[in-house]
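Dear colleague,

I am passing on the structure that we spoke about, and I would be glad if you could look through it alongside the notes that follow.

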Amino acid sequence: MHQKKIGLNTICTHVGEVKDEQFKGAISPLYMSSSYAFEDVEVKRYPRYFNTPNQEALCRKIAALEHTEAGLIFGSGMAAITTSLMAFLRAGDHIVLQQVLYGGTYNLVVEEFEKFGIEYSFTEGWRSEDFEKKIRSNTKVIYIETPSNPLLTITNLDAIAKLAKKYNLVSMIDNTFASPVNQNPIDFGIDVVIHSATKYMGGHSDILAGAVASSEENINRIFGLAKNFGGSLSDYTVWLLERSLKTMGIRVKAQNENAQHMAEYLHENKAVNKVYYPGLENHPDHELAKSQMHGFGGMMSFELHEEYDAAQFQKELQLIKPSMSLAGVESTVLSPTKTSHALLSSEEREKQGILDGLIRFSVGIEDTEDLIADIEQALKKVRLGKEVTTS
């Protein structure tokens, strides 16, 4: 396993660079070729085999960030999730998944797994005993997400890792919301760590990518399927992601600080009914989050009181952008029922506790005074679904 000998920001900046041996440039050169020599070479390179110079280098950086032996990059977070799951599941197998999950993952399972003869069970909560109750003789994988999307529930990494080992199962986690800056699940015994690299790894809302980090053995198994699925990404995107990762440490730490400030402000705001953020002391898993996270992250959700129209509130924001994705340097909000969890039925969302008025808030790096001012002006305009005077 990779032993961390240098600091986070040093890993972000230097590990996984492609050396510019010809011109001695300060950054990685970009190798755009889709065709490489096959005679008299150590490696037969091809983009779909994830082994171009830029691809290989980026995988080393991601592995170092997650304290693993190896990494693999994909064209999207869903490509990373799908390929990783299918690499360890086949017809007749069973998987236990956390109740509250990213909507795309949930939809993948309920829409596609039956076609492949794969059985699945969703837990009724996110404690280790909830998972153990669902384990069967043919269970092969436990899949979790912590903090979860969009309710920021916290699952005990150590407990899940021990449970998986007790039953000889593979444990997987979607670590997107935390990022490698705030959480390293491998250190707690989790087997496979997955990211939508579109989010904090990319950080600028301008690329689409996915990443997986694990042992050399597990990555080789995932690669065996990945080269057939063809979910690789272009070397230009690889180069952009490597560039973005250089600043991930400082970006995410700034977002952590801003999110804590904004969560405390929203918690005290009389227009807000509830705030979901593990950094708040009233979060039911605050102490657990403290024990397994280096920071509480830049993501939260909140519910406005009924007299405020949540949809209109988002339209009235001037600085904070109503936007589909998350984790960019700019602050954004969205309604999970209309976006990330729109594929779920209203009954499924209600079962998970995702209400129509829930707003997911991705906190950026702006000055928090400006974010608060924007929220205040929007709240003054929207009440009972009607505009009210601000004077």
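**Loops and sheet**

Pro-150 is placed in the loop between β4 and α6, where helices (H or I, at least four residues) and strands (E, at least two) are DSSP runs, numbered from the N terminus. Before going further, please note that this is a predicted model, in which local features need pLDDT of at least 70 and side-chain atom pairs count only at pLDDT 80 or more, while totals for chains, interfaces and linings use all residues. Residues are numbered from 1 along each chain as its sequence is written, and side-chain values use heavy atoms, with hydrogens and water left out.

The peptide bond that joins Asn-149 and Pro-150 is cis, with omega about 10 degrees. A cis peptide bond also joins Thr-146 and Pro-147, with omega about -10 degrees, and Pro-147 lies in the loop between β4 (139–145) and α6 (157–166).

His-67, although not a glycine, has a positive phi of about 60 degrees, and it sits in the loop between α2 (53–65) and β1 (70–74). His-67 counts as buried because its relative accessibility is 10%, buried being under 20% relative accessible area, exposed over 50% and partly exposed in between (1.4 Å probe, protein chains only). Ser-205, in the loop between β6 (192–196) and β7 (210–214), is likewise a residue other than glycine with a positive phi, near 55 degrees.

Turning to the sheet, it is open and has 7 strands in the order β1-β7-β6-β5-β4-β2-β3, with mixed pairing; two strands pair if DSSP finds at least two bridges between them. At the edges are β1 and β3 (119–122), each of which pairs on one side only. From one strand to the next the twist averages 20 degrees, with axes taken as lines fitted to C-alpha atoms, for helices over the stretch in contact, and angles running from 0 to 180 degrees between N-to-C directions. Strand β2 (residues 94–97) pairs with β3 in the parallel sense over 4 bridges, and Leu-97 has Phe-122 in β3 as its bridge partner.

Helix α3 (residues 77–88) packs on the sheet and touches β1, β2, β4, β5 (170–174), β6 and β7, its direction making about 155 degrees with that of β6; contact here means heavy atoms within 4.5 Å. Helix α4 (residues 103–112), in turn, lies across β2, β3 and β4 and runs at about 140 degrees to β3.
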